Structures are given as structure tokens and as C-alpha cells.
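Here are my notes for you to read alongside the structure. Keep the model open and find each spot as you go.

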Amino acid sequence: MKNLSLLAAALLLTGCSATSKTNKTEDVVIEPTPQMSEENAPISLTVITNPADSRVRIMNIVPVYQDAIELDAGKYDIEVSKAGYITYRKWITVDKKTILTIELDEKQSSQSAQ
């Protein structure tokens, strides 16, 4: 019986040491992946319009507007227009990557024209 107890104790200790060896061999190295954070992203402006073919202009700078235009931090006079729609014009502050969505309202035709 004494031998059986020693054998059980030896098996139990062997099982414990095998578990600790498994933990030691499972060291996983995770390589950090570089990601651009919002803080490092360039300051830019994108204007999404409805109707999609509306004209977008930034009135207080010389460069012609294009999607994701890079700008210095500051205030910009934005105009969105299209024939048959009420023109949108507003000053906005751009100090990070900015996406602006503008939906133009149709001009109401006067009833006297009928």
C-alpha cells in the first residue's frame, strides 16, 4: 500500500510539472502592427453631398476642393451648390480628419409660374 501511495504521489507530481512545462513553452510573441491613430492622421476634409453631383467649394482658400483635401487646422467657408437646389454655405472648423455630409433641399417652384 505504501508503494501504491508513493506511485500515486509520483504521478501527481509528474502531472503538475508537465503542466508547468506547457505554460513555459506557450510563450507567444505578438509583433506590434503599426496603425495610424487619429492623432497622427493628416488634417483633411471630405464633403459627401446629396445630390452626389453637387459642386463643393472652399471659398477662403485657393486650391480647388477634392475629396480628402489636406488642410491646415482652421476655419473654412464651405459652399455646396447645384442648379435647382438651395445653396448651402457655412463656416466650419477643421482640426482633424473631417467628413461632412450635406443634403441640399430642392428649390420650390412658385405657383404663380403655372
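**Notes on the strands and the core**

1. Let's start with Glu79, which sits in strand E4 (strands, E, are DSSP runs of at least two residues, and helices, H or I, of at least four, numbered from the N terminus). Before you go on, note that this is a predicted model, where local features need pLDDT of at least 70 and side-chain atom pairs count only at pLDDT 80 or more, while totals for chains, interfaces and linings use all residues. Residues are numbered from 1 along each chain as its sequence is written, and side-chain values use heavy atoms, with hydrogens and water left out.

2. Is Glu79 buried or exposed? Glu79 is buried, because its relative accessible area is 11% (buried means under 20%, exposed over 50%, partly exposed in between, with a 1.4 Å probe and protein chains only).

3. Which side chain makes a polar contact with the side chain of Glu79? Look at Arg57, at 2.7 Å. (A polar contact is a pair of N or O atoms within 3.5 Å; within protein, one must be able to donate a hydrogen and the other to accept it, and residues adjacent in sequence count only if both atoms are side-chain atoms.) Leaving out residues up to four places away in sequence, Glu79 touches several others, including Val56, Met59 and Tyr88 (contact means heavy atoms within 4.5 Å).

4. Now try Ile78, also found in strand E4. Ile78 is buried, with a relative accessible area of 0%. Ile78 and Arg57 are 21 residues apart in sequence, yet 5.9 Å apart in space, C-alpha to C-alpha. Not counting residues up to four places away in sequence, Ile78 touches, among others, Leu45, Ile58 and Leu100.

5. On to the largest nonpolar core, which has 16 residues (such a core is a set of buried Ala, Val, Leu, Ile, Met, Phe, Trp, Tyr and Cys residues joined through side-chain atoms within 4.5 Å). Leu45, Val47, Ile58, Ile78, Val80 and Leu100 touch the most other members. Two or more residues each come from strands E1 (44-50), E2 (55-58), E4 (74-81), E5 (88-94) and E6 (98-103). E4 gives the most, with three.

6. Finally, check E1. Five of its seven residues are buried, so E1 is largely enclosed by the rest of the structure. E1 pairs with E6 in the parallel sense over six bridges (strands pair if DSSP finds at least two bridges between them). Thr46 stands opposite Ile99 in E6. With strand E3 (residues 69-70), E1 pairs in the antiparallel sense over two bridges, and Ser44 has Glu70 as its bridge partner there.
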